Amino acid sequence: FSRTDGWRSLTACKRRFVGAARYLQGYDVHPAGHAVAITARGRPFSFALWEGAVTQHGVPDGVRYRLTAWLHDGKRLVTVSDAAGEEALEIHAVPPAEPGAPAIRLEGLDIGRPTELRASPTGDRVALANHRNELILVDLEAGSAQVLDRSRYEAIRGLAWSPDGHW
């Protein structure tokens, strides 16, 4: 091949690996501290700190995921997905908890476009803030959402749960 005939050199055509740190969008530490969930390049991953392989969750291509977090049991992840064209929460089982289990998508909840998400340390609930400056509590078991607060002036940031999960 030569550069004059328009072909790329063989070096440019070789497979290359891109460092994930540049594309890291978020992370969350497992409730027991032995694993990490990350979102990189719009895809959620989970992996143990010292053993096992990295597991990608969700659809491999064509769907963007954001704000991935561990649920209190450490066997599931919650994430924001645009799989159906509109953003919604999805719950993914982490192997080996339920191998091959499909994701549970919470359709029909008016959550807007989430900007921050925190999972409860004791129950299947998630607090999220959205682009409409709302603080929303989502009950994952019941599949319901409740607006707790709304700001007319600025985005709500810095979500946190009390250790007992009540506040």
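Read along the sequence, this protein runs α-β-β-β-β-β-β-β-β-β-β-β-β. That makes 1 helix and 12 strands. Helices (H or I, at least four residues) and strands (E, at least two) are DSSP runs, numbered from the N terminus.

Some ground rules. The model is predicted, so local features need pLDDT of at least 70 and side-chain atom pairs pLDDT 80 or more, while totals for chains, interfaces and linings use all residues. Residues are numbered from 1 along each chain as its sequence is written, and side-chain values use heavy atoms, without hydrogens or water.

Overall figures next. The protein has 167 residues, and 37% of them are buried. Buried is under 20% relative accessible area, exposed is over 50%, and partly exposed is in between (1.4 Å probe, protein chains only). Now contacts, meaning heavy atoms within 4.5 Å. Of the contacts with a separation of 6 or more, 33% join residues 24 or more positions apart.

Now the surface. L24, Y27 and V29 form a nonpolar patch with about 320 Å² of accessible area together. Patch residues have over 30% relative accessible area and no salt bridge; like charges are joined within 9 Å, nonpolar side chains (Val, Leu, Ile, Met, Phe, Trp, Tyr) within 5 Å. L24 sits in strand β1, residues 24-29. L24 is partly exposed, at 41% relative accessibility.

On to the largest pocket. Its volume is about 440 Å³. There are 21 lining residues, and the closest to the centre are D28, T68, A69, L117 and R118. β1, β5 (65-70) and β9 (114-119) each give the lining at least two residues. A pocket here is an open set of points on a 1 Å grid over the protein atoms alone, where a 1.4 Å probe fits, with protein on both sides within 12 Å along at least five of seven lines; lining residues have an atom within 4 Å of a point. Points are joined across faces, edges and corners, and the volume is the space filled by probe spheres set on them.

Next, A160. A160 is exposed, with a relative accessible area of 64%. Leaving out residues up to four places away in sequence, A160 touches R118 and W167. And R118 is one of the residues closest to the pocket centre.

Last topic: salt bridges. The structure holds 11. Each is a side-chain nitrogen of Lys or Arg within 4 Å of a carboxyl oxygen of Asp or Glu. What does the pair D124 and R76 tie together? First, the distance: 2.6 Å, N to O. D124 lies in the loop between β9 and β10 (125-130) and R76 in strand β6 (residues 76-81), so the bridge ties together parts that are 48 residues apart in sequence. Both residues are buried.

R157 and E154 pair at 3.7 Å, N to O. Both R157 and E154 are exposed.

R132 and E134 meet at 3.2 Å, N to O. R132 is partly exposed, at 31% relative accessible area. E134 is buried, at 7%. Salt bridges with shared partners join D110, R132, E134 and R150 into one network.

Methods
Accessible areas come from the Shrake-Rupley method with a 1.4 Å probe; for residues, only the protein chains shown count as cover.
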